[in-house]
Amino acid sequence: GLELHLALAEADADAAGFWLTRYPGLDADAILAQGEGGLGERMACVHAALLERHAAGILLGADAPQLTPADLAEAQAWLAAATPRICLGPATDGGFWLIGANLALPFAAWTAPRYSTTHAADDLRQALGDAVPLQTLRSLTDVDEAADLRGCAQALHALHPILPAQSRLLSWMHEKLPLPA
């Protein structure tokens, strides 16, 4: 029930072509431009583009590999309501791996967080206020730097069931990195 879009920082056709060859079921209409500016401005641009096409938009970080279909289903179910709602997936480092809403968020909410810090999720919550119900999903371990790989591997080990791609990633991590068994 979800429709995948890729939000690219690169605005050229070569970048879109690269991703379209990697995802054969994806068509060119699924490619979105992030626009210009800092991370908050670019996320605001992508979310606005999603809301033009869909009743809700979910922005998902690509650095929390222990994400499960159940996590996405929970966000989707929350945002399917007819009333305005927001969904946030916090990361264990203070950031967030998912932000979704079935309404346009104030631009200031996108630009207020101190991204790439331990304050990002709290800053976003504060900027959003409490006028709209906010669902908080489970915390996931994201990978921002090499030191985060150990925690990510532990989180993957804790998954039951583990998806085949997650299992392959975990095997690769054990093969390439000095991680405990």
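**Entry 1. Terms and model**

I began with pairing: two strands pair if DSSP finds at least two bridges between them. Strands (E, at least two residues) and helices (H or I, at least four) are DSSP runs, numbered from the N terminus.

I noted that this is a predicted model, in which local features need pLDDT of at least 70 and side-chain atom pairs count only at pLDDT 80 or more, while totals for chains, interfaces and linings use all residues. Residues are numbered from 1 along each chain as its sequence is written, and side-chain values use heavy atoms, with hydrogens and water left out.

**Entry 2. The sheet**

I looked up the bridge partner of Pro 90 and found Phe 96 in β5. I then traced the sheet around this pair. Four strands make up an open sheet of mixed pairing, in the order β3-β5-β4-β6. At its edges stand β3 (57-60) and β6 (134-136), each pairing on one side only. Ignoring direction, neighbouring strands are turned by 15° against each other on average; for angles in general, axes are lines fitted to C-alpha atoms, for helices over the stretch in contact, and values run from 0 to 180 degrees between N-to-C directions.

I went through the pairings in turn. β3 and β5 are antiparallel, with four bridges, and Leu 59 has Ile 99 of β5 as its bridge partner. β4 and β5 also run antiparallel, joined by five bridges. These two strands form a hairpin with five residues between them, and Gly 94 in the turn has a positive phi of about 100°. β4 and β6 pair in the parallel sense over three bridges, and Cys 87 stands opposite Gln 135 in β6.

**Entry 3. Covered strands**

Is β4 mostly covered or mostly open? I found that five of its five residues are buried, where buried means under 20% relative accessible area, exposed over 50%, and partly exposed in between (1.4 Å probe, protein chains only). In a regular strand the side chains alternate between the two faces of the sheet. In β4 both faces are covered, with Ile 86, Leu 88 and Pro 90 on one side and Cys 87 and Gly 89 on the other. In β5, six of the six residues are buried, so this strand is largely enclosed by the rest of the structure.

**Entry 4. Nonpolar cores**

I searched for nonpolar cores, each a set of buried Ala, Val, Leu, Ile, Met, Phe, Trp, Tyr and Cys residues joined through side-chain atoms within 4.5 Å. The largest has 21 residues, and Leu 59, Ile 86, Phe 96, Ile 99, Leu 105 and Trp 110 have the most contacts inside it. Two or more residues come from each of α2 (39-53), β4 (86-90), β5 (96-101), α4 (107-111) and α5 (120-128). α2 gives the most, with five residues.

I listed the contacts of Ile 86, leaving out residues up to four places away in sequence; among them are Trp 78, Ile 99, Leu 105, Leu 128 and Leu 134. A second, separate core of eleven residues includes Leu 79, Cys 87, Leu 98 and Leu 137.

**Entry 5. Gln 34**

I turned to Gln 34, in the loop between β2 (31-33) and α2. Gln 34 counts as buried because its relative accessibility is 15%. Its side chain reaches the backbone oxygen of Ala 7 at 2.9 Å. A polar contact of 2.7 Å joins the side chains of Gln 34 and Arg 42; such a contact is a pair of N or O atoms within 3.5 Å, where within protein one must be able to donate a hydrogen and the other to accept it, and residues adjacent in sequence count only if both atoms are side-chain atoms.

**Entry 6. Salt bridges**

How many salt bridges does the structure hold? I found four, each a side-chain nitrogen of Lys or Arg within 4 Å of a carboxyl oxygen of Asp or Glu. One joins Arg 114 and Asp 123 at 2.8 Å, N to O. Arg 114 is partly exposed at 45%, whereas Asp 123 is buried at 12% relative accessibility. Another joins Asp 122 and Arg 125, with the closest N and O atoms 2.9 Å apart. These two residues are separated by about one helical turn because they lie three residues apart in helix α5.

Definitions and conventions
Contact = heavy atoms within 4.5 Å.
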